[in-house]
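Please keep the sequence and the structure in view while reading.

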Amino acid sequence: MMPQRTCPFCKKTTTNSCEHLALAVEGRDFVRSCVEKCHAERPWQSYCARSREQQRLGGDWCPEYEDFTWLETAFCDAFLKQLTWFGSLDYEWRSGPKDREGGFWVLLWSKDPRRLWWELRDEIERRLSRLERTVAPRL
Ligand SMILES: [Zn+2]
């Protein structure tokens, strides 16, 4: 059993959830949950499709490049860390309904989660439009 995590801003434990805990989900749901939280499903899908297309055209296919679409650490490096309202990422062991179904949950801290989500949505849209400019249709 890992000790309870504490909020980096107000030092409350995760059992007394405070307003700084933007997200607490299982690792495999992290990226999808972030995208849903900021209502960026459509630009996100386009972004992922475009970046796959770009790799295909560029011919330098690299499996690691895809990781940000599902791996929380890669997503964090690629999208979250540069945001003004990003606080930190942490992990907490949580047991499921049955003990053996427990797993690591990802905790996302922010001084103001609402602003973090707005910022993330802007960031995804900005990246998408940048990608749309670079991936020009080849004639
Ligand atoms: Zn807090």
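Helices and strands are here taken as DSSP runs, at least four residues long for a helix and at least two for a strand, and they are numbered from the N terminus. The model under discussion is predicted. Its protein chain contains four helices and three strands, which follow one another along the sequence in the pattern β-α-α-α-β-β-α. Of the 139 residues in the chain, 21% are buried. Among contacts between residues at least 6 apart in sequence, 63% join residues at least 24 apart.

The interior may be considered next. In soluble globular proteins, nonpolar side chains tend to be buried together. The largest nonpolar core of this model has 23 residues, and Cys34 and Leu120 touch the most other members. At least two residues of this core come from each of strand S1 (21-26), H1, helix H2 (41-58), H3, S3 and H4. The greatest contribution is that of H4, which supplies five residues. Apart from its neighbours within four places in sequence, Leu120 is in contact with Cys34, Cys38, Ala40, Phe79 and Leu83.

Cys34 also belongs to the buried residues of H1, which are Phe30, Val31, Cys34 and Val35. Seen down the axis of H1, these residues fall within an arc of 130°, so they line one face of the helix. They pack against S1, H2, H3, S3 and H4. After H1 comes His39, whose phi is positive, near 55°.

Helix H3 (residues 72-80) has Glu72, Phe75, Phe79 and Leu80 as its buried residues. Viewed down the axis of H3, the buried residues lie within an arc of 70°, and they therefore line one face of the helix. Their cover includes helix H1 (30-37), strand S3 (103-109) and helix H4 (113-134).

It remains to describe how H2 and H4 meet. Their axes come within 9 Å and cross at roughly 35°, and the crossing is left-handed. On the side of H2, the contact is made by Pro43, Trp44, Ser46, Tyr47, Arg50, Ser51 and Gln54. H4 takes part through Ile124, Glu125, Arg127, Leu128, Leu131 and Glu132.

Definitions and conventions. Residues numbered from 1 in each chain as written. Predicted model: local features only at pLDDT ≥ 70, side-chain atom pairs only at ≥ 80, totals over all residues. Buried ≥ 20, exposed ≤ 12 C-beta atoms within 10 Å, placed from the backbone. Arc of directions from axis to C-beta. Contact = placed C-beta atoms within 7 Å. Core = buried A, V, L, I, M, F, W, Y, C linked by C-beta atoms within 7 Å. Axes fitted to C-alpha atoms, helices over the stretch in contact; angles between N-to-C directions. Left-handed = near helix turned anticlockwise from the far one by under 90°.
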